[in-house]
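Work through the exercises below with the sequence and the structure open. Each task is followed by a solution in steps.

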Amino acid sequence: MTSPSIDVVSTGEIPTAMPTVRIATALPGMQRSERRAAEIIAADPESVVELTAQELADRAGVARSTVVRMCQSLGYRGYPQLRVALAGELALAGEIAQRTEDADPSAGALGRIRAEIVALAQVLPQIASVLSEPEVDSAVDSIVAAGRVLVVASGLSGPLAMDLAMRLTAAGRPAETLADPIGQQIAARGLRAEDVCLVISGSGANEASLRAAAQANEAGARVIAVTSFRNTPLTRLAAITLLLAPAASFRQELEHTSRVPHVVFLEALVETIGTRLGAAGERARSRVLDVLAENLGDEAGR
């Protein structure tokens with residue numbers, strides 16, 4: 001079982017993960033003392049950026065060395081590097097907030113919607129900032145080569161499973177899903193070693209999804225997790241973890257849970273798998289177009 005490295009190096013247009021993004025994904029697996037310091041940063045980054053390492057340690061009730069270890073666990077050499085990165089994140093957040101506030105009030109609801117879309121577009125590249133290339137390659141290879149692909153999700157992630165299974169099937173990689181949680185567990189238990197169980201859970205702690213993942217493990221299938229947090233019950237069950245950063249600050253993600261990162265990533269994943277399928281993928285797309293054309297013809301004749 002492997003997990004992607006927390007330290008993401010910026011190459012070309014690929015962004016380095018912002019401090020609050022790193023905290024959001026790493027928080028569940030932190031030691032309790034380090035977690036106290038990290039939670040203070042996530043809750044009040046504007047104040048923390050003005051603090052020294054000792055002042056943050058005093059506020060968290062931990063030793064200064066704990067603050068340094070926490071920074072290193074997030075991928076920074078030490079607290080000064082984290083402060084610089086945090087200042088950069090706050091500056092970007094300020095620019096986005098200003099653009100939203102500057103939206104023309106006379107534009108009404110549509111103006112506000114446009115402003116929110118622009119703000120989201122600014123942070124959307126962060127989604128892939130904590131993904132590991134070896135994990136993504138391994139996931140794509142496993143899905144393409146699998147005998148069966150079962151997609152599992154419950155709660156807010158449930159509709160994503162249905163959409164992903166349909167998109168994969170249309171791309172030439174047949175996949176299945178069931179809406180009923182118990183049905184998912186039964187299907188997972190029926191998998192084999194050559195099969196894949198892809199589990200979507202933002203929190204990595206949805207009980208129904210965990211039970212299905214455990215059944216897939218028991219059957220010997222490869223479990224692939226699509227989640228937003230590392231070191232969770234789901235990632236401990238998974239052979240491959242596809243870690244997605246929230247397209248917002250840690251506080252915003254807590255207040256307004258979003259599935260946008262998962263939707264965007266899963267669409268891109270399907271396109272990648274379709275390309276990897278080569279001629280088989282092309283034939284599948286051709287069949288899909290035929291079906292669409294036939295249905296469009298039925299509509300036109302009405």
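**Exercise 1. The chain as a whole**

What percentage of the 302 residues in the protein chain is buried?

*Solution.* The model is a predicted one, in which local features need pLDDT of at least 70, side-chain atom pairs count only at pLDDT 80 or more, and totals for chains, interfaces and linings use all residues. Residues are numbered from 1 along each chain as its sequence is written, and side-chain values use heavy atoms, with hydrogens and water left out.

Step 1. Apply the classes: buried means under 20% relative accessible area, exposed over 50%, and partly exposed in between (1.4 Å probe, protein chains only). Buried residues account for 44% of the 302 residues.

Step 2. Consider contacts (heavy atoms within 4.5 Å). Of those between residues at least 6 apart in sequence, 71% join residues at least 24 apart.

Step 3. List the secondary structure, taking helices (H or I, at least four residues) and strands (E, at least two) as DSSP runs numbered from the N terminus. The chain has 15 helices and four strands.

**Exercise 2. The sheet**

Determine the strand order and the bridge partners.

*Solution.* Step 1. Two strands pair if DSSP finds at least two bridges between them. β1 and β2 run parallel and are joined by four bridges; in β2, Val 199 is the bridge partner of Val 152.

Step 1. Strand β2 (residues 196-200) pairs with β3 in the parallel sense over five bridges. Within β3, Ile 224 is the bridge partner of Leu 198, and Arg 222 is that of Val 196.

Step 2. β3 also pairs with strand β4 (residues 240-243), in the parallel sense and over four bridges. Here Ile 224 has Ile 240 of β4 as its bridge partner.

Step 3. Put together, the strands form an open sheet of four in the order β1-β2-β3-β4, with parallel pairing. β1 (149-152) and β4 stand at the edges with a single partner strand each, so one side of each has no neighbour in the sheet. The twist averages 15° from one strand to the next, where axes are lines fitted to C-alpha atoms, for helices over the stretch in contact, and angles run from 0 to 180 degrees between N-to-C directions.

**Exercise 3. Cover on the sheet**

Which residues of β1 are buried on its two faces?

*Solution.* Step 1. In a regular strand the side chains alternate between the two faces of the sheet. In β1, Val 149 and Val 151 on one side and Leu 150 and Val 152 on the other are all buried, which leaves both faces covered.

Step 1. Strand β3 (residues 222-227) is mostly covered, with five of its six residues buried.

Step 2. Helix α11 (residues 207-219) makes a right-handed β-α-β unit with β2 and β3. A crossover is right-handed if, with the strands pointing away from the viewer, the path from the first strand over the helix to the second runs clockwise. α11 lies across β1, β2 and β3 and runs at about 165° to β2.

**Exercise 4. Salt bridges**

How many salt bridges does the structure hold?

*Solution.* Step 1. A salt bridge is a side-chain nitrogen of Lys or Arg within 4 Å of a carboxyl oxygen of Asp or Glu. The structure holds eight salt bridges.

Step 1. One of them joins Asp 141 and Arg 276 at 2.4 Å, N to O. This pair links distant parts of the chain, with Asp 141 in helix α8 (residues 133-145) and Arg 276 in helix α14 (residues 260-276), 135 residues apart. Asp 141 is partly exposed at 42% relative accessibility, as is Arg 276 at 41%.

Step 2. Arg 167 and Glu 267 form another, their closest N and O atoms being 3.4 Å apart. Arg 167 lies in helix α9 (residues 158-170) and Glu 267 in helix α14, so the pair ties together parts 100 residues apart in sequence.

Step 3. Glu 207 and Arg 211 meet in a salt bridge of 3.7 Å, N to O. Both lie in helix α11, four residues apart, and are therefore separated by about one helical turn. Glu 207 is partly exposed at 45%, and Arg 211 at 47%.
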